[in-house]
Amino acid sequence: MNTTANDVPLTPQYLLEALRAASSSSQDLVKQATAQLQQWERAPGYWVMLQDVFLDRSLPLELRWIAIITLKQGVGQYWRKTATNQIPKPDKHTIRNRLITASIEEPAPQLAAQNAVIISKVARLEYPLEWPKIFSDLTHIIRRAVSGEVQGTDTTVQLTRALSILLAVVKELASGRLTRTKSNLQAVAPEILKLLGDVYVQHVQVWQNFMNQRPPPAGTLETMTISVTALKIMRRLMVSGYEFPNRAAEVSQIWQIMQEHVWSFVRAEEEMPLTEEAHGLLKKHATNIGKLFLDLSQSHPAAFALLPNTLDLLRRYWDMVVSHGDVLASQGKITMNAINGLENSEILEDDDAVERRKFREKIALQGMNLLRECIKMVYHPTSTFRYRHKEEKEEIGIATNMFKTQLFIPEVVVHYMEILVTRYFVLRPSDLEGWEQDPEGWNEEWENNVESHEFMIRPCAEKLFNDLMVNHKEVLAEPLMNVFRSVPTIAKDDILMKDAIYTAVGLAANVLHQNLNFDQFVNNTLVEEVQIVRPGYNILRRRIAIMIGQWVSVRISVATRPTIYGMMRHLLNREDRLNDLVVRLTAAHNLNRCVDEWDFRIEAFLPYVDDIFNRLMALIEEVHSTESKMGILSVVGVIVDRLEHRVVGYADRIVSILPPLWEQTGEEHLFKQSILAIFSKLVTAMKEQSVKYHHMILPLIKFSVEPGSKMQVYLFEDALELWEATLRCTAAPASPELLELFPYLLPALQLGSQTLRHVLDLIESYVLLAPREIIENHRIELFTNFAELLGALKPETAGIVTNIVDILIRGAKAIGGDQALNIVGVELVKSDFLIKIFETLRESFEANMTTGPNRKYPPPAVLITDYFSLLARIIVSNVAWFVDVVKMIAERAGQPVEDIMDWLLSEWFTHFSNMGHPRQRKLNCFALTMLLETNQLWILSRLQDLMNIWVDVVTELKEDGAVNDSLVYWNNNTDPTSAEDEEASSPQAARYNELVRSDVVTSIDVAQFIKHHLEKVQSENGGMERFRDTWVANVDREVLEQFARLGVV
């Protein structure tokens, strides 16, 4: 392909060339071909041509494969009517008409499978409106193939292809959540189910008759494939094609057939001498029937219970659980002999026996999951908002009562519990082999297997045991205690059974805490057992660590806590040969539980900290996998949290391993997140003393937040946490390295709402720490970014922005006086920041002027309060500066200053009653009062509004009739260092407290402030009498009387 993508016309020949290039081993050719194919997606006839290529069996298989895959992707993207560049209707019609025939006649199974997926996607979108005959066409093909009416072709292939298509279509419709999609499937389900039932039974009978023949006759495997495909379709139809499966006769009939077949298949798998392929298909039949039972119990629990012979089915499955448990028990005895060095300690199993045992384990696992679903139905029924008719409610009641009275009777429940504990909680030979060969991998697998209960039998057994204990605690507590009391009678060398019983005691902690004195058990038994040095006791040590972790948050007294800390310290000791890697990793994981719980007392833990820290650090260096290192690091982080300021003595040891770990992790972002989190905790705990680690911390922050970095998307939030902790705990002056990071915050303002609040908090911390540097070097970019944010923020977030500008204004005045204020004021206007604030205030003013049905709604009151408070800060800093700012805004708007001040003050006085916080009210009162210094008509004419505000604020801030301003009193009588919160003693807290204490709001009495400015304006406007005659005369008598009662003048 030498021409460019834009020049190549769509022709069959060029399309074939593009497909050949797309299947090339050259990446450049593949890239060019992909671009060309995407270019043709908008061309009429492109999708039909792709199907033509697929249908042309004279072409190489790889070309047809690329064509069908591309067509499948196109159907997924462009078949919908709402899709951009949707496939034209005529093309859809042509493609649809050839889909089924293409699959039925396709000799290559892989291509037929891809075409079946296309059919399913089209059917989901177009059945029944655009493609009403898809099911009738498929059933017609199936009937003809079964009856042998098709001449001259392989009926087995046709039947296999038709069933594969039907499976794909039913699977697609069954996954739909819309009521319409479900109804469409339910409408055709009965007819299809009856047909498939006949196909299934007929073909099962055929291949069952050939079971004993070796080798099996030709076509046996194809026959088995047909029956298993029919079974998969029936499973989905019975689950998704019926709202009440138990009421359908055809479902009940097939249900009974399945109950007979599953056990005949299980027996046949064990007894019949089949080929490997036939064995695999036979197992698929049995496991798919089990999936049918499970799916129905989950989706239609009441129907599952009420279908014929369900109780017998559950009992047969439990028999399989018991039978497989006996196999495991016999293996456990042989394993115990191996541990103790006795004879007969080798398990002899050929490959067939291993596969057979795995298969029976799958059936037993399905049995356990079925029992769990029954428990869920009885004790934790799924809630629904769907209306239930009387008949449905009655069915649910009957089903629940049947399971309660016939399945979960006390003696049976006790039997369940005993089998699980004595059979399935015993470690298997494969477990111990994995422990020995790959301790880290084995430990990680066991830590993560908790959520694998649907697929692995040990986690499922533990889940089933938990379900039984929680829902039958009155029945099972004492029998389990009897099992526990039998421990002393167990032979000392039967470590596996003791481990199994301890497993049960740990899992049942929430149930047994009233029956078992665990403190006594720890002190009298476990302390001794963790010190026994005997073969196999590493198994018991691991289990004791887990059991302590399970009980510590349930019932272990404060007095026993030091004992369990000592036990954990002992289990982390590498010098003890029985504390192998699995034992120590387990101890570390469960130490986390012991430390990170409600009743933890640091004083009891401190005597063990030195040894525990040293052993955890050594363990991190010993293990190799990232997950293991992360797990140990997480424990270290929890301990750091608990130690708080006491961590200083251990910080160097912890920090020394973090940079090497960071380098070793490469692109393992989860581990890097853990390292950042540890640094955050250390910095928070050490406060000012953490400065000595800045040379390590600051490069990590820079690496994590640098725009364009591959790691930014993963590490950004954790880096912000560390950054914030670093700023909070850094005393002024800030180092140049810390200040160099500030520019990275500005592009972060555009990243989105999830991190915006955090970024703004960091900017505020920088402004508090280094106001001079931020004003001198970053004010322009900062105000520009803030201006872009205004209008798109929630009121709470906008309040943070105005607060940062407020602090900057105060910093500018403190650093450079009026000159610095003027520089800041010019940038606030030039950046449009203040322009947008004035526009929002104008919008609020105009909205408040409207009434009736066309009334406009003003911006949120909280936002307007924050904006007025920022203007108030400008006025309080320097009235003349504020007037200059208004003049600049008036020049840009082409309006007189008087007009702007007129509507601004009107809105300001009106909004004052909506300000809730006393500090904001007082600040705005000060600002409006200081405007009197201008001696302008626009403020003097509003003397009555001012007096109303004075009365409100002065009255509010006098506590219980006292003379003092309460905000000034609070400021003078509060010790900022007395707060118990750890953060209250940080350098940033001290900076913030100083900011508050130095504010005019908390340092000047409001009454004295009003008096001063009122006397000043009188003297500047002709004296008291003239001022009274000119301005006070316009104030209502009631307002004057209220103001006079304040005693201000």
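Let's start with a pair of charged side chains: Arg-98 and Asp-52 form a salt bridge, with their closest N and O atoms 2.8 Å apart. The term means a side-chain nitrogen of Lys or Arg within 4 Å of a carboxyl oxygen of Asp or Glu. Arg-98 belongs to helix α5 (residues 89-104) and Asp-52 to helix α3 (residues 46-55), so the pair ties together parts that are 46 residues apart in sequence. Helices here are DSSP runs of H or I with at least four residues, strands are runs of E with at least two, and both are numbered from the N terminus. Arg-98 is partly exposed at 24% relative accessibility, and Asp-52 is partly exposed too, at 33%. In these terms, buried is under 20% relative accessible area, exposed is over 50%, and partly exposed is in between (1.4 Å probe, protein chains only).

A word on the model: it is predicted, so local features need pLDDT of at least 70 and side-chain atom pairs count only at pLDDT 80 or more, while totals for chains, interfaces and linings use all residues. Residues are numbered from 1 along each chain as its sequence is written, and side-chain values use heavy atoms, leaving out hydrogens and water.

## The annotated domain

UniProt, in an unreviewed entry, lists residues 33-105 as "domain: Importin N-terminal". Positions from that record follow the numbering used here, feature names are shortened, and annotations may be inferred rather than shown by experiment. The span is 71% helix and 0% strand, and its end C-alpha atoms lie 29 Å apart.

Another one of them joins Arg-584 and Glu-622, where the closest N and O atoms are 2.5 Å apart. Arg-584 sits in helix α27 (residues 581-595) and Glu-622 in helix α28 (residues 602-622), so this pair ties together parts 38 residues apart in sequence. Arg-584 is buried, with a relative accessible area of 6%.

Lys-692 pairs with Asp-652, with 3.6 Å between the closest N and O atoms. Lys-692 is in the loop between α31 (669-686) and α32 (694-705), Asp-652 is in helix α30 (residues 648-664), and the pair links distant parts of the chain, 40 residues apart. Both residues are partly exposed: Lys-692 has a relative accessible area of 43% and Asp-652 has 46%. There is also a network, in which salt bridges that share partners join Asp-806, Arg-810, Arg-873 and Asp-999.

Most residues other than glycine have a negative phi, and most peptide bonds are trans. A cis peptide bond joins Tyr-127 and Pro-128, with omega about 5°; Pro-128 is in the loop between α6 (109-126) and α7 (134-147). Another cis bond, with omega about 0°, joins Ala-732 and Pro-733, and Pro-733 is in the loop between α33 (712-728) and α34 (736-739).

Glu-644 is not a glycine, yet its phi is positive, at about 55°. Glu-644 is found in the loop between α29 (626-643) and α30 and is partly exposed at 32% relative accessibility. Asp-832 also has a positive phi, near 75°. Asp-832 lies in the loop between α38 (795-830) and α39 (833-848), and at 28% relative accessibility it counts as partly exposed.
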